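I opened my notebook with a simple plan: look the fold up piece by piece and write down what I find. Come along and check each entry against the picture.

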Amino acid sequence: AIAARTIVDLALVALALPKGSEALFVPGITIPALTEIFEAHGVRPVGVDPPSTTDMMPLDIESHITENTRVLVVTHLFGCAW
């Protein structure tokens, strides 16, 4: 079996994102090992928290997108599909 960490690492290799790219993580609290993989590839993790404990709408995320944003990582955390 392949570990999830390896899958994310291989996906980032395949994407070949330029150094300095940003990955938005929704919610901002996530597994530290996941953000470390992005950092190892020169991608800066940016936490984005929902305005409430249960809702995240596309327009809420839009204000966090910059010219360096390349990836959106949405986490299913604490039983909530953000």
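Below are my entries, from the overall layout down to single residues.

**Entry 1: Confidence**

I reminded myself that this is a predicted model. I looked up the average pLDDT of the protein and found 85, with 84% of the residues scoring at least 70. Then I asked which elements have the lowest and the highest mean pLDDT.

**Entry 2: Layout**

I counted the elements next: the protein has three helices and five strands. Reading from the N terminus, I wrote their order down as α-β-α-β-α-β-β-β. I also looked at contacts between residues at least 6 apart in sequence, and 60% of them join residues at least 24 apart.

**Entry 3: Surface and interior**

Of the 82 residues in the protein, 34% are buried. I noted an accessible surface of about 5,300 Å², and carbon and sulfur atoms account for 62% of that surface.

**Entry 4: The largest nonpolar core**

Which residues make up the largest nonpolar core? I listed 10 of them: L12, L17, A23, F25, L34, I37, F38, V43, V71 and V73. The elements giving two or more residues to this core are β1, α2 (32-40) and β3 (69-74). Helix α2 gives the most, with three residues. Another core lies apart from this one; it has five residues, including L24, V26, V48 and I61.

Setting aside neighbours within four places in sequence, I found A23 in contact with F38, V43, R44, P45, V46 and V71.

I wanted to know which residues of α2 are buried. They are L34, T35, I37 and F38. These residues cover an arc of only 150° around the axis, so they sit on the same side of α2.

**Entry 5: Leaving α2**

Just after α2, I stopped at G42, which takes a positive phi of about 80°. H41 is in the loop between α2 and β2. Is H41 buried or exposed? Its relative accessibility is 18%, and the cut-off for buried is under 20%, so H41 counts as buried. Leaving out neighbours within four places in sequence, H41 is in contact with D9, L12, V13 and K19.

**Entry 6: The salt bridge**

How many salt bridges does the structure hold? I found one. It pairs R44 with E22, and the closest N and O atoms are 2.7 Å apart. R44 is in strand β2 (residues 44-47) and E22 is in strand β1 (residues 22-26), so the pair links distant parts of the chain, 22 residues apart.

How values were computed:
Residues are numbered from 1 along each chain as its sequence is written. This is a predicted model: local features need pLDDT of at least 70, side-chain atom pairs count only at pLDDT 80 or more; totals for chains, interfaces and linings use all residues. Side-chain values use heavy atoms; hydrogens and water are left out. A salt bridge is a side-chain nitrogen of Lys or Arg within 4 Å of a carboxyl oxygen of Asp or Glu. Helices (H or I, at least four residues) and strands (E, at least two) are DSSP runs, numbered from the N terminus. A nonpolar core is a set of buried Ala, Val, Leu, Ile, Met, Phe, Trp, Tyr and Cys residues joined through side-chain atoms within 4.5 Å. Buried means under 20% relative accessible area, exposed over 50%, partly exposed in between (1.4 Å probe, protein chains only). Contact means heavy atoms within 4.5 Å. Accessible areas come from the Shrake-Rupley method with a 1.4 Å probe; for residues, only the protein chains shown count as cover. pLDDT is the predictor's confidence in each residue, from 0 to 100. The arc is that of the directions from the helix axis to the C-beta atoms.
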